[in-house]
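Could you walk me through this model in the viewer, stop by stop? I would like to know what to select next and what is there.

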Amino acid sequence: MIVPTKHTHFSESLLGFGAYLLGKVDSIKSIDSLWNEYQNDLSKSQYVAKHSFDNLLLTLVFLYSIGVVEEKDGGVVRCN
Amino acid sequence: MNVQERSVARILFKNKIHEANGQAFEDIFTQTMYYAHEGFQSIKPWGNIGDRKNDGYIKSEGTYYQVYAPEDITKSYVDFVKKIETDFIGLVEQWSPVNNFYFVVNDKYRGVNADCEQLIQGLKDTYKLKDAKILTAKDLENEVFSLEDDQIFRIVGFLPDPSNLKNMDFSILNEVISHIMGLPIDLKKEPSLVVPDFNEKIKFNDLSEVTAEYLNSAFVRVVYLNDYLSNNSDFIADLLRDKLNEVYLQEKEKYSGDELFWNIVNQLSPKKQQVYQVTVIVIMSKYFETCDIFEEPFKEGEE
């Protein structure tokens, strides 16, 4: 689900996960490092919803489709 | 052990066999043989003399065992065939009398190829043995499960105590959810955002006290369902809602009240057994509370 619903919390939606990931893209980031940072935050309960790696990829596709991130040298960067 | 305990023990044993290569497999074999055959004696490899091609034997019968446990038998069939012959020739040179010869191999339940079977039969005929066979994981399993319960536990490990398990059986939940997801229906209805009073909704939908009791007690365990759903968060909660809603819309054409409730339970249960039905009612109570199934009560002035 891109947007939250009655049974999908904001943190479980791609929109919520996207907002979180966007906060992590402060410089050029590889997919692996984003996944590792998320796993780290999840283990410390700094992000509450569990997402699969597939969801992370879907979320990045979503962020790319709305024009907030782009690919640079094999990594993810924010659009200016 | 009852049938269920025995089935779980067999699964544990199979896992052990799949993980056991080399010495680990030989240890399982030796332990089993010590329990199963009183006169069995294992032979430990010793310095530069090794085990003289004998991993274990029953002296009074002249029965000898050689054990072989490669990581992947299919990758080493040439070595395997060679090993049977060289080990046997080495054995008869150093031990006598050899009446029976068993080559024990960890085939990981895949079976052995025709060459090996023909070779061992050839050895049996040439050396006039009473018996010669390749014993595989299934033979060892049969040997293990002919033992006393305490001996089986010693080999496979102790079974988990069901009373120590949590309130909700997650394997059953998983099975029920997989079953619901596989139901072949496709009707669409937008989810309602109304969350009415649980008890009021029970009355409004003409559900009896007994059914209400089932729903109420199941609702206590919705916390475990939510926990499960949040750990498997690939929008499964929404998909589950859709499926439940579809079944509800279909069944409400034919039934109402308790009959409707129990028909939905039976539709959603993979088997007509209490464990599944109870789990289905937990799932139903979650979506009952949020008005995704059954009708929401009208207030005065509403249509």
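**Before you start**

This is a predicted model, in which local features need pLDDT of at least 70 and side-chain atom pairs count only at pLDDT 80 or more, while totals for chains, interfaces and linings use all residues. Residues are numbered from 1 along each chain as its sequence is written, chains are lettered from A and ligands numbered from 1 in the order in which they are written, and side-chain values use heavy atoms, with hydrogens and water left out.

**Stop 1: a helix in chain A**

Select residues 31-43 of chain A to see helix α2. Helices here are DSSP runs of H or I with at least four residues, strands are runs of E with at least two, and both are numbered from the N terminus. This helix has 13 residues and reaches 18 Å from its first C-alpha to its last, close to the 18 Å expected at 1.5 Å a residue; the expected span is 1.5 Å times one less than the number of residues.

Now show the side chains of A:L34, A:W35, A:Y38, A:D41 and A:L42, which are buried. Buried means under 20% relative accessible area, exposed over 50%, and partly exposed in between, with a 1.4 Å probe and protein chains only. Look down the axis of α2(A): the buried residues fall within an arc of 130°, so they line one face of the helix. That arc is taken from the directions from the helix axis to the C-beta atoms. On the other side of α2(A), A:D32 and A:S43 are exposed.

What lies over the buried residues? The cover of α2(A) includes α1 (14-24), α3 (53-65) and β2 (75-78) of chain A.

**Stop 2: where the chains meet**

Next, select the contact between the chains, to which chain A gives ten residues and chain B 15 residues; contact means heavy atoms within 4.5 Å. Chain A and chain B bury about 1,100 Å² between them, and carbon and sulfur atoms give 50% of that area. Buried area is the accessible area (1.4 Å probe) that two parts lose on being put together, summed over both. Highlight A:K6, A:H7 and A:K50: they supply 59% of the area that chain A buries against chain B, more than any other three residues.

**Stop 3: chain B as a whole**

Colour chain B by secondary structure to find its 13 helices and five strands. Of its 303 residues, 44% count as buried.

Then go to residues 170-181 of chain B, helix α7. Its end C-alpha atoms are 16 Å apart, which agrees with the 16 Å that its twelve residues should span at 1.5 Å a residue. Its buried residues are B:I172, B:L173, B:V176, B:I177 and B:I180. They cover an arc of only 130° around the axis, which puts them on the same side of α7(B).

A search over all chains finds 28 aromatic pairs. Rings of Phe, Tyr and Trp (its six-membered ring) pair if their centres lie within 6.5 Å; planes under 30 degrees apart count as stacked, over 60 as edge-to-face and the rest as tilted. Zoom in on B:F40 and B:Y65: the ring centres are 5.8 Å apart and the planes at 70°, so the pair is edge-to-face. B:F40 is in strand β1 (residues 40-42) of chain B and B:Y65 in strand β3 (residues 63-68), 25 residues apart. Both B:F40 and B:Y65 are buried.

For a cluster, select B:F198, B:Y214, B:F219, B:Y248, B:F261, B:W262, B:F288 and B:F294.

Two charges over rings come next. The charged end of B:R10 sits over the ring of B:F145, 4.3 Å from its centre, and that of B:K286 sits over the ring of B:Y287, 5.6 Å from its centre. This requires NZ of Lys or CZ of Arg within 6 Å of the ring centre and within 35 degrees of the ring normal.

**Stop 4: backbone details**

Most residues other than glycine have a negative phi, and most peptide bonds are trans. With that in mind, select B:S96 and B:P97, where the peptide bond is cis, with omega near -5°. B:P97 lies in the loop between α3 (77-94) and β4 (100-105) of chain B.

B:N99 is in the loop between α3 and β4 too. Its C-alpha atom is separated by 5.9 Å from that of B:T63, 36 residues apart along the chain.

Finish at B:C291, in the segment after α13 of chain B. B:C291 has a positive phi of about 65°, and at 4% relative accessibility it counts as buried.
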